[in-house]
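Student: I've got a new model to look through. Can you walk me around it?

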Amino acid sequence: MKINKINKKINSIKKKESKFPNNEIEYVLDVLDTENKKKAYVYELEKKISKLFNVKYAIACNSGTSGLHACVAALNLKHNDEVIVPSLAVVMDAYAVIHCGAKPVFADVDTNSMLVTAETIKRKITKKTKAIILVSLQGLPVDIDPIIKIAKKNKIKIIEDNAQEFFGKYKNKVSGVAGDMSIWSFENKKHLSGATEGGIITTNNKNYAKKLRKFCGIGYINLKSDSNINPLPLSKIQDPNYLRFDFIGLNYRMPEIVGAVCLGQLENFRKIVSRRIKVANIFNKEIKKCEWLIPQKANHSYKHTYYSFAVRYLGKEKLGRSWKQFYNDYTTMGGDGFYAGCYPIYKEPSILNYFKRKKYKQVFCKNAEMVQQQIIQFKTNYRNLEDAKKNANILSKLIIKYNNSYNEK
């Protein structure tokens, strides 16, 4: 009876439209079969990511957030050193800075791309600025070349947060690896899923790689820059005089079972990313002639990988219909709903309280506060394109309804 239930569950997971139809389940079972395990999955994942992005070092970790923390920690920042962070992103970018004793400084965004630019960053640079965290929000790569010029001139390090982007393109090159260190997230809703959490860091700097691996690996003495597998003979480990740790780190290691799922996902990543782009194109087609739904876009050459299909809703200004009215009408007509943009980081209660304790000045980023109230994020992780088309068709009908209602006034 149990065998039948297990087989039924496996068949369900392996369905074409499942989230994990590739080798994920075989790899997970292999991890559980400890006596006959065939692969070191985290090690294999690191090797494949390193090759895919053409970087020297890849360090797996248990989340994108822990990866950010490790990257900032690798810079050895002093108290009140400043790190520039996008005002419109997720709060974890600021948390990583705060946990390392540094100060997050918030840069405004461009209204079209919803991303920081060289100009918005330049305004925030001081003598205390030591690093910049760039976020490819919703899957759109940041226009990084002019930012790198500014960073080099001012001896500032760049950390790229690619949690919402995977294998996009920037000026015909793979995006996300131009900075000093880069992170990706494998949280369950991201392009590649670890089924729960997961993350990975890349760098071409050997010194950073060693620090990153030790920080994520509790500071084990035998960890090096290029591998999480450095076995020692039992005779040495079992010696009462064996010293285990030479670096103060945290347990941010990726579990082997998460590595197994991520490796299975990575083997099919082009199809996964392509499907998200197809879904975004389905929605984009329906808003082509709509003057009050403006898609996220940038002036630089890029390939957007669409963590979500993000648009600015201008219906309040142009039609007199609020964001919430539009949401309610969309869901009433059968739409799946959509997400709002995250509040500007500096307006989150945790950051407000932190700034108050530190007696920092109040922050205001005009564009970020305006755009955040307008953002609509349509999901792109449909595994059945017919579901995406159904929702896009509902959106199309709602656009027509709103336009007709406005024209009748």
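This is a predicted model: local features need pLDDT of at least 70, side-chain atom pairs count only at pLDDT 80 or more; totals for chains, interfaces and linings use all residues.

Student: Where does lysine 171 sit?

Tutor: In the loop between β6 (169-170) and β7. Lysine 171 has a positive phi of about 50°, although it is not a glycine.

Student: Which other residue has a positive phi, near 65°?

Tutor: Methionine 114, again a residue other than glycine. Methionine 114 is in the loop between β3 (103-107) and α6 (118-122).

Student: Is methionine 114 buried or exposed?

Tutor: Buried, since its relative accessibility is 1%.

Student: OK, zoom out. How many helices and strands are there in the chain?

Tutor: The chain has 16 helices and 14 strands.

Student: What does the C-alpha trace span along its principal axes?

Tutor: About 85 × 65 × 40 Å.

Student: And what share of the residues is buried?

Tutor: Buried residues account for 52% of the 409.

Student: Now salt bridges. How many does the structure hold?

Tutor: There are 13. Among them is the one joining glutamate 26 and lysine 14, at 3.3 Å from N to O. Glutamate 26 belongs to helix α2, while lysine 14 is in the loop between α1 (2-13) and α2, so the bridge ties together parts twelve residues apart in sequence.

Student: How accessible are glutamate 26 and lysine 14?

Tutor: Glutamate 26 is partly exposed, at 36%. Lysine 14 is also partly exposed, at 27%.

Student: What does glutamate 267 pair with?

Tutor: Lysine 48. The closest N and O atoms of glutamate 267 and lysine 48 are 3.9 Å apart. Glutamate 267 is in the loop between α10 (256-266) and α11 (269-286), and lysine 48 is in helix α3 (residues 41-52), so this pair links parts 219 residues apart in sequence.

Student: And the accessibility of glutamate 267 and lysine 48?

Tutor: Glutamate 267 is partly exposed at 35%. Lysine 48 is partly exposed at 37%.

Student: Which salt bridge involves lysine 389?

Tutor: The one with glutamate 386, at 3.5 Å from N to O. Both residues lie in helix α16 (residues 385-407). They are three residues apart, about one turn of the helix. Glutamate 386 is partly exposed, at 49%. Lysine 389 is partly exposed too, at 41%.

Student: Which residues are linked in a network of salt bridges?

Tutor: Glu187, Lys189 and Lys190.

Student: Switching to the surface. Which residues gather in a patch of positive charge?

Tutor: Lys206, Lys210, Lys224 and Lys236. Lysine 206 lies in helix α8 (residues 206-216). Its relative accessible area is 57%, so lysine 206 is exposed.

Student: What makes up the nonpolar surface patch?

Tutor: Leu29, Leu32 and Ile257. Their patch covers about 270 Å².

Student: Where is leucine 32?

Tutor: In helix α2 (residues 24-32). That helix also carries glutamate 26, the salt-bridge partner of lysine 14. Leucine 32 counts as exposed, with 55% relative accessibility.

Student: Last one. Where is the place of glycine 179?

Tutor: In the loop between β7 (173-174) and β8 (181-185).

Student: Buried or exposed, that glycine 179?

Tutor: Buried. Glycine 179 has a relative accessible area of 18%, and the cut-off is under 20%.

Student: How far is glycine 179 from alanine 163?

Tutor: The C-alpha atoms of glycine 179 and alanine 163 are 15 Å apart in space. In sequence, the two residues are 16 apart.

Conventions
Residues are numbered from 1 along each chain as its sequence is written. Side-chain values use heavy atoms; hydrogens and water are left out. Patches are made of residues with over 30% relative accessible area and no salt bridge: like charges are joined within 9 Å, nonpolar side chains (Val, Leu, Ile, Met, Phe, Trp, Tyr) within 5 Å. Accessible areas come from the Shrake-Rupley method with a 1.4 Å probe; for residues, only the protein chains shown count as cover. A salt bridge is a side-chain nitrogen of Lys or Arg within 4 Å of a carboxyl oxygen of Asp or Glu. Lys and Arg count as positive and Asp and Glu as negative; His and the chain ends are not counted. The place of a charge is taken as NZ of Lys, CZ of Arg, CG of Asp or CD of Glu. Helices (H or I, at least four residues) and strands (E, at least two) are DSSP runs, numbered from the N terminus. Buried means under 20% relative accessible area, exposed over 50%, partly exposed in between (1.4 Å probe, protein chains only).
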